[in-house]
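Visitor: I am new to reading protein models, and I would like to be guided through this one step by step. Could we look at it together?

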Amino acid sequence: MYILLVDNNLFYAAVLKELMLKAGFNQIGHLNSGIECMLQLRKSEVPDVIIIDESQCYVNGVDVIKDILSHKPNLTLIVLTDTESPVNVNFTPEKGSTICIAKDSVTADNLPQILYNIFTEKINFTKKTST
């Protein structure tokens, strides 16, 4: 499964990438801005999950998220927010979903588990619809 990380904080992005690699996720791309993300989604491979920082340079992160979902409504987004907000655990694999996590609560314990849960649900949904 391909994960795309969108964060302009290179140190934080490197930490998240390392967490994911240690957890066994090895197809990870990184972009520095929401603008790059919007452009890439229009012309290349669509990831299974996008992990995106809500705070973006040059463009409002909420606008980036709306743009992504308007073009790829089945895509699953993990939105990292700067404020404490509840984690949205409503995942609908056939429609995608948006999961919000406070950026300071992303740890080695919860990000890999969230990704495992997403991919397990996607795999189970694919098996159910193909039989």
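The questions and answers below go through parts of this predicted model.

Visitor: Which residues have the most contacts inside the largest nonpolar core?

Guide: The largest nonpolar core has 21 residues, and β1, α1 (10-22), β3, β4 (76-81), β5 (97-102) and α4 (110-130) each supply at least two residues of this core. Within this core, the residues with the most contacts are L16, M20, I51, I78 and L115.

Visitor: Which residues does L115 contact, leaving aside its neighbours within four places in sequence?

Guide: L115 is itself listed among the core residues with the most contacts, and two others on that list, I51 and I78, are also among its partners. Leaving aside neighbours within four places in sequence, L115 is in contact with I3, M20, F25, V49, I51 and I78.

Visitor: Which residue of β4 stands opposite V49?

Guide: The strands β3 (49-53) and β4 run parallel, and five bridges join them. In this pairing, the residue of β4 that stands opposite V49 is T76.

Visitor: Is I35 buried, partly exposed or exposed?

Guide: I35 has its place in helix α2 (residues 34-43), and together with L39 and Y58 it makes a nonpolar surface patch of about 370 Å². Buried means under 20% relative accessible area and exposed means over 50%, so I35, at 33%, counts as partly exposed.

Visitor: What covers the buried residues of α2?

Guide: The buried residues of this helix are G34, C37, M38, Q40 and L41, and a second, separate core of 16 residues includes C37 and L41, along with I50 and I65. The elements that cover the buried residues of α2 include β1 (2-6), β2 (27-31), β3 and α3.

Visitor: Is D67 buried or exposed?

Guide: D67 is found in helix α3 (residues 61-71), and, not counting residues up to four places away in sequence, D67 touches M38 and R42. Its relative accessible area is 17%, and because the limit for the term is under 20%, D67 counts as buried.

Notes
Residues numbered from 1 in each chain as written. Predicted model: local features only at pLDDT ≥ 70, side-chain atom pairs only at ≥ 80, totals over all residues. Heavy atoms only, no water. Helix = DSSP H or I, 4+ residues; strand = E, 2+ residues; numbered from the N terminus. Buried < 20%, exposed > 50% of the residue type's maximum accessible area, 1.4 Å probe, protein only. Contact = heavy atoms within 4.5 Å. Patch = residues over 30% accessible without salt bridge, like charges linked within 9 Å, V, L, I, M, F, W, Y side chains within 5 Å. Areas by Shrake-Rupley, 256 points an atom, 1.4 Å probe, with all protein chains shown as cover. Salt bridge = Lys/Arg side-chain N within 4 Å of Asp/Glu carboxyl O. Core = buried A, V, L, I, M, F, W, Y, C linked by side-chain atoms within 4.5 Å. Pairing = 2+ DSSP bridges.
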